[in-house]
Amino acid sequence: MKRDERKEWAARLDAIINTVVDGIITIDERGIIESMNPAAERIFGWRARDLAGRSVNNLIPHPWAEHHDGYIRRYLKTGKAHIIGIGREVRGLRKDGTTFPMDLAVSEVRIGARRLFTGIVRDITERKRADEAIARVSEEERRRLGQELHDGLGQQLTGVTLLAKALQSRLARDGHPAQADAAEVAMLLGRVLDDMRRHAHGLYPVELERGGLAAALEELALTHRQLYGVDCRLDICGAMPAFEKPAALHLYRIAQEAAHNAVRHGAAKHICIRLTRSASLFLLEVEDDGRGYRPRKSNPGMGIQIMRYRAGVLGAALSVRPSGRRGTRVRLEWPLPPAGRRSS
Ligand SMILES: Nc1ncnc2c1ncn2[C@@H]1O[C@H](COP(=O)(O)OP(=O)(O)OP(=O)(O)O)[C@@H](O)[C@H]1O
Ligand SMILES: [Mg+2]
């Protein structure tokens, strides 16, 4: 390429970088910011010249900022990337101290002997708001359906069951031979009522309000044992954080979908729902011994996507992987913010 051509090419590249809607930030291998384009300035509220030469941790909120230098060091040492070339939803930190959700794609650039990292960021606050509104509406719809099932159909079925029992008693008193049939009808109606109640609880887990996440998951495990005949257990390690209701509902729905998938797709015999709390991390795992997870290319379902969305709202990472030689493990990893900031 001739010198003039090279100059024109560089000017064109500059014009593109300065006008794209995505933020572009380059850092060196110590995590020091080298450049920010105008979109990145807008997104984070910083002037590029004020941040040049300072750590990229100025753009990452607590507690992730503290881990970031370690991530780069580990990548440089082991070559194992958690984000480079993958792309992820993370939280960004603005100059005014507020945080926001963003899509981040990181790539590595080698210029001579130097290694630079380029981050492309997109503020997804609006998209998340719309997603949240949809999730809220569908949650309200489930709640309404659950209540309708419980209060409407449930009450009518209860009435008919009582009638059948009264009929059976009367027939038994009269020594009527049809009393055995009436007893069977009453028994079957009782079973239908139990199943329906469990479905209503699945639509809206009232236990979540009464006894918190652990109580609701205990009920979920019981439902799976009784309704589907699988050995479903809840295992709790460590003192559970006091989750706020929206966060508890997201965690419950993730476990519910994972357990449901284990029965429906994995034909699992055993399911273990595990909650683990350590000083800085909360883990929710749902492990089954079924057929194993093999994602379908055609006609993908919505369950895992919604699980990922819910994990994203919490600021947690979610993975779905084969577990051991058989089965599937869904794992949600939530770095816990300092006490008192645990909302959804
Ligand atoms: N525990 C599991 N065992 C085996 N396969 C699984 C398991 N969980 C998910 N899968 C596979 O991953 C696919 C996607 O799951 P996902 O929950 O996203 O959708 P779905 O269950 O097919 O439909 P939806 O959840 O929308 O009703 C499933 O169709 C199934 O092939
Ligand atoms: Mg599913």
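How are helix 8 and helix 9 oriented relative to each other? In this predicted model, helix 8 and helix 9 pack at an angle of about 155 degrees, with their axes 10 Å apart. Angles over 145 degrees count as roughly antiparallel, and helix 8 and helix 9 are therefore roughly antiparallel to each other. Both helices also supply residues to the shell around ligand 1, with at least two coming from each.

**The shell around ligand 1**

- The shell around ligand 1 holds 16 residues, of which Asn261, Gly266, Gly301, Gly303 and Ile304 come nearest.
- Sorted by class, this shell contains 8 polar residues, 5 nonpolar residues and 3 charged residues.
- The helices that each supply at least two residues of the shell are helix 8, which spans 245-264, and helix 9, which spans 303-314.

**Helix 8 against helix 9**

- The crossing of helix 8 and helix 9 is left-handed.
- On the side of helix 8 the contact is made by Ala247, His250, Arg253, Ile254, Glu257 and Asn261, while helix 9 contributes Gly303, Ile306, Met307, Arg310, Ala311, Val313 and Leu314.
- The residues of this contact divide into 7 nonpolar, 3 polar and 3 charged.

**Helix 7 against helix 8**

- Helix 7, made of residues 206-228, has an axis that comes within 10 Å of the axis of helix 8, and the two cross at roughly 10 degrees.
- Angles under 35 degrees count as roughly parallel, and helix 7 and helix 8 are therefore roughly parallel to each other.
- Among the residues that make this contact are Leu213, Leu217 and Tyr228 of helix 7, together with Leu249, Tyr252 and Val263 of helix 8.
- By class, the contact of helix 7 with helix 8 has 13 nonpolar residues and 3 polar ones, but no charged residues.

- An open sheet of 5 strands has the order 6-7-8-10-9, and its pairing is mixed.
- Strand 6 (231-237) and strand 9 (317-322) are the edge strands, since each pairs on one side only.
- From one strand to the next, the twist averages 10 degrees.
- Strand 6 pairs with strand 7 (residues 270-277) in the parallel sense over 7 bridges, and Ile273 in strand 7 is the bridge partner of Leu234.
- Helix 8 lies across strand 6, strand 7, strand 8 and strand 10, running at about 20 degrees to strand 8, whereas helix 9 lies across strand 9 and strand 10, running at about 145 degrees to strand 9.

**The hairpin**

- Strand 1 (residues 23-28) and strand 2 (residues 33-36) run antiparallel and are joined by 3 bridges.
- These two strands form a hairpin with 4 residues between them, and Gly31 in the turn has a positive phi of about 85 degrees.

Methods
Residues are numbered from 1 along each chain as its sequence is written. Chains are lettered from A and ligands numbered from 1 in the order in which they are written. This is a predicted model: local features need pLDDT of at least 70, side-chain atom pairs count only at pLDDT 80 or more; totals for chains, interfaces and linings use all residues. A residue is near a molecule or strand if its C-beta atom, placed from the backbone, lies within 6 Å of it. Ala, Val, Leu, Ile, Met, Phe, Trp, Tyr, Cys and Pro count as nonpolar, Asp, Glu, Lys and Arg as charged, and the others, Gly among them, as polar. Axes are lines fitted to C-alpha atoms, for helices over the stretch in contact, and angles run from 0 to 180 degrees between N-to-C directions. Angles under 35 degrees count as roughly parallel, over 145 as roughly antiparallel, 65 to 115 as roughly perpendicular and the rest as oblique. A crossing is left-handed if the near helix is turned anticlockwise from the far one by less than a right angle, and right-handed if clockwise. Two residues are in contact if their C-beta atoms, placed from the backbone, lie within 7 Å. Two strands pair if DSSP finds at least two bridges between them.
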